[in-house]
Amino acid sequence: MTPKRIYIHHSADSSTKPQFEKINTYHRIKFNMISSLGLYGGYNKLIEKDGTIETYRKDGEETTAQKGDNKEALSVCLSGHFDTEYPNKAQVETLQGLLSDWMNKYQITNENVHGHRFIGNTSCPGKNITDLNIRTWANGAGQLTALQKIIDELKKQVEELMRKLGLKK
């Protein structure tokens, strides 16, 4: 399945410790839906407070992250409780890179990047992550995606020119 949308979540847990295992255990008990990677976390990815990305499910694999849209969507969770705190710089930078990668790889437009609350009766990803934040991050990722396409095309043109000049086989 090719993903068409991206949803951003928060763990709703203010702990400063890594949350990967805690979420995996909670989702095993709540959903008991094992991924092809042998894990239970309902998201594709988790971004820890230090900006580290952890993977629960492969891209395109069904998630348990947002009721009603788990088969054609990608989901990322940020560790933290963003009703009471804010994501840090490392998390935001990692999120923008991940959004850029996903948007480029799956041709997802910034209009199809949402907070969990877009589809569910929840505050997730927290009241301190506004829809404007999400739109700004997606727009930034979209700009990175457009820039990467230009860079990739320039690389192809340089390689072709080098072949024509006999500098590369």
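Student: Which side chain does Gln 66 join in a polar contact, and at what distance?
Tutor: The partner is the side chain of His 9, at 2.8 Å. A polar contact here is a pair of N or O atoms within 3.5 Å; within protein, one must be able to donate a hydrogen and the other to accept it, and residues adjacent in sequence count only if both atoms are side-chain atoms. This is a predicted model, so local features need pLDDT of at least 70 and side-chain atom pairs count only at pLDDT 80 or more, while totals for chains, interfaces and linings use all residues. Residues are numbered from 1 along each chain as its sequence is written, and side-chain values use heavy atoms, with hydrogens and water left out.

Student: Where is Gln 66 found, and is Gln 66 buried or exposed?
Tutor: It is in the loop between β3 (53-55) and β4 (73-78). Gln 66 is buried, with a relative accessible area of 0%. Buried means under 20%, exposed over 50%, and partly exposed in between, using a 1.4 Å probe and protein chains only. As for helices and strands, they are DSSP runs numbered from the N terminus: H or I with at least four residues for helices, E with at least two for strands.

Student: What else is Gln 66 in contact with?
Tutor: Leaving aside neighbours within four places in sequence, Gln 66 is in contact with Tyr 7, His 9, Ala 73, Ser 75, His 116 and Ile 119. Contact means heavy atoms within 4.5 Å. A polar atom of the Gln 66 side chain also lies 2.9 Å from the backbone oxygen of Asp 69.

Student: OK, over to Asp 69. Which side chains does its own side chain make polar contacts with?
Tutor: Arg 5 at 2.5 Å, and Tyr 7 at 2.6 Å. Asp 69 is found in the loop between β3 and β4 too, and is buried, with a relative accessible area of 8%. Not counting residues up to four places away, Asp 69 touches Arg 5, Tyr 7 and Ile 119.

Student: Changing topic: what volume does the largest pocket have?
Tutor: About 410 Å³. On a 1 Å grid over the protein atoms alone, a pocket is an open set of points where a 1.4 Å probe fits, with protein on both sides within 12 Å along at least five of seven lines; lining residues have an atom within 4 Å of a point. Points are joined across faces, edges and corners, and the volume is the space filled by probe spheres set on them.

Student: Which residues lie nearest its centre?
Tutor: His 10, Tyr 26, His 27, Lys 30 and Tyr 43, out of 21 lining residues. The elements giving two or more residues to the lining are β1 (5-10) and α1 (20-30), and α1 gives the most, with five.

Student: Now the core. Which residues have the most contacts inside the largest nonpolar core?
Tutor: Ile 6, Ile 8, Leu 95, Leu 99 and Val 113, in a core of 20 residues. β1, β4, α2 (89-106) and α3 (131-164) each supply at least two residues of this core, and α2 gives the most, with seven. A nonpolar core is a set of buried Ala, Val, Leu, Ile, Met, Phe, Trp, Tyr and Cys residues joined through side-chain atoms within 4.5 Å.

Student: What is Leu 95 in contact with, beyond its sequence neighbours?
Tutor: Setting aside residues within four places in sequence, Ile 8, Ile 47, Val 76, Leu 78 and Trp 137. There is a second, separate core of eight residues, which includes Ile 23, Tyr 43, Leu 46 and Ala 65.

Student: And the backbone: which peptide bond is cis?
Tutor: The one from Cys 124 to Pro 125, with omega near 15°. Pro 125 is found in the loop between β5 (113-115) and α3. Ala 12 has a positive phi of about 60° although it is not a glycine; Ala 12 sits in the loop between β1 and α1. Most residues other than glycine have a negative phi, and most peptide bonds are trans.

Student: Last one: how many helices and strands does the chain have?
Tutor: Three helices and five strands, running β-α-β-β-β-α-β-α from the N terminus on. Buried residues make up 44% of the 169 in the chain.
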